[in-house]
Amino acid sequence: MCDLVARTGRHQQRYEDGRRLVAGCIPFRYRANNDETSGDEQDKVVEVLMINSQSGPGLLFPKGGWENDETVEQAAAREAIEEAGVRGDIVQFLGYYDFKSKTHQDACCPEGMCRAAVFALHVKEELTSWPEQSTRRRTWLTLPEATSQCRYQWMQEALVTGFSDWHDKWSKGGGGGGGGPV
């Protein structure tokens with residue numbers, strides 16, 4: 001049984017300019033490259049963690065409402081724990097991504113418009129028990145695998161133009177760390 005409890009309800013949700021504000025992350029880790037053609041034994045492959053959708057096919061990154069009593073970074077980290085059962089370090093703000101939610105239309109956001117602040121989260125711990133484990137399956141994927149299995153175009157864009165571009169610069173020593181949302 002899980003001691004953690006997922007937050008529910010919309011009474012503390014943040015809204016701005018008719019959009020619901022959400023926070024999410026792209027959880028990532030490194031694994032050894034077992035490719036025998038690689039000349040560098042120290043070469044590591046980056047993998048990202050995705051979860052199943054509760055409403056259809058395809059995979060997602062953890063995300064959810066940003067509430068009034070937390071920072072956007074805290075909200076992203078909380079969603080990673082609640083939905084994917086992972087803890088780690090927020091290492092980079094990847095950008096804002098606008099999308100329309102078909103399931104989350106309410107009085108504050110009748111059009112269902114949302115703005116997601118997305119972060120890279122370096123996973124340090126995989127929990128054996130987490131709040132949504134009965135409805136979520138987590139899967140580690142390479143970047144090409146994740147790109148092809150993203151359920152939503154905006155998440156695919158966050159992965160390709162946000163995460164992959166940042167990670168390429170960061171892993172080559174080009175900086176790109178530490179920036180937060182504006």
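**Entry 1**

Is T135 buried, partly exposed or exposed? I looked it up: T135 is partly exposed, because its relative accessible area is 37%. The cut-offs I used are under 20% relative accessible area for buried, over 50% for exposed, and partly exposed in between, with a 1.4 Å probe and protein chains only.

A note to myself before going on: this is a predicted model, where local features need pLDDT of at least 70, side-chain atom pairs count only at pLDDT 80 or more, and totals for chains, interfaces and linings use all residues. Residues are numbered from 1 along each chain as its sequence is written, and side-chain values use heavy atoms, with hydrogens and water left out.

Back to T135, which I found in the loop between β7 and β8 (138-142). Not counting residues up to four places away in sequence, T135 touches N52 and Q54; contact here means heavy atoms within 4.5 Å. I also checked T135 against E83: they are 52 residues apart in sequence, yet 8.8 Å apart in space, C-alpha to C-alpha.

**Entry 1: the whole chain**

I counted 3 helices and 8 strands in the protein chain. These are DSSP runs, numbered from the N terminus: helices are H or I with at least four residues, and strands are E with at least two. Reading along the sequence, I wrote down the pattern β-β-β-β-β-α-β-β-β-α-α.

The chain has 182 residues, and buried ones make up 45% of them. It exposes about 9800 Å², of which carbon and sulfur atoms supply 48%; such areas come from the Shrake-Rupley method with a 1.4 Å probe, and for residues only the protein chains shown count as cover. Among contacts between residues at least 6 apart in sequence, 72% join residues at least 24 apart.

**Entry 2: the partners of β7**

Which strands pair with β7? Strand β2 (residues 19-32) pairs with β7 (residues 113-126) in the parallel sense, over 9 bridges. Strand β6 (residues 86-100) runs antiparallel to β7, and 13 bridges join the two. To call strands paired, I needed DSSP to find at least two bridges between them.

I then picked out single positions. L21 stands opposite R115 in β7, and G95 has V118 of β7 as its bridge partner.

D89 is found in strand β6. D89 counts as partly exposed because its relative accessibility is 39%. It touches A120, L121, H122 and K124, not counting residues up to four places away in sequence. The C-alpha atoms of D89 and P27 are 9.3 Å apart, although 62 residues separate them along the chain.

**Entry 3: the core**

A nonpolar core is a set of buried Ala, Val, Leu, Ile, Met, Phe, Trp, Tyr and Cys residues joined through side-chain atoms within 4.5 Å. The largest one has 44 residues, and I26, V48, F61, V118, L159 and F163 touch the most other members. The largest share of this core, 8 residues, comes from β7.

Leaving aside neighbours within four places in sequence, its contacts include C25, I26, V48, E83 and L159.

**Entry 4: rings and cysteines**

My search of the whole structure found 8 aromatic pairs. F93 and Y96 make an edge-to-face pair, at 5.0 Å centre to centre with 65 degrees between the planes. Rings of Phe, Tyr and Trp (its six-membered ring) pair if their centres lie within 6.5 Å; planes under 30 degrees apart are stacked, over 60 edge-to-face, and the rest tilted. F93 is buried at 14% relative accessibility, whereas Y96 is partly exposed at 36%. Ring pairs also link F28, Y30, F163, W166 and W170 into a cluster.

How many disulfides are there? I got 0, using cysteine sulfur atoms within 2.5 Å as the test. C25 is buried at 1% relative accessible area, and C114 is buried at 0%.

Most residues other than glycine have a negative phi. D17, however, has a positive value near 50 degrees. D17 is found in the loop between β1 (15-16) and β2, and counts as exposed at 68% relative accessibility.

Last, A77 lies in helix α1 (residues 72-84). A77 is partly exposed at 25%, and is in contact with I90 and L121, leaving aside neighbours within four places in sequence.
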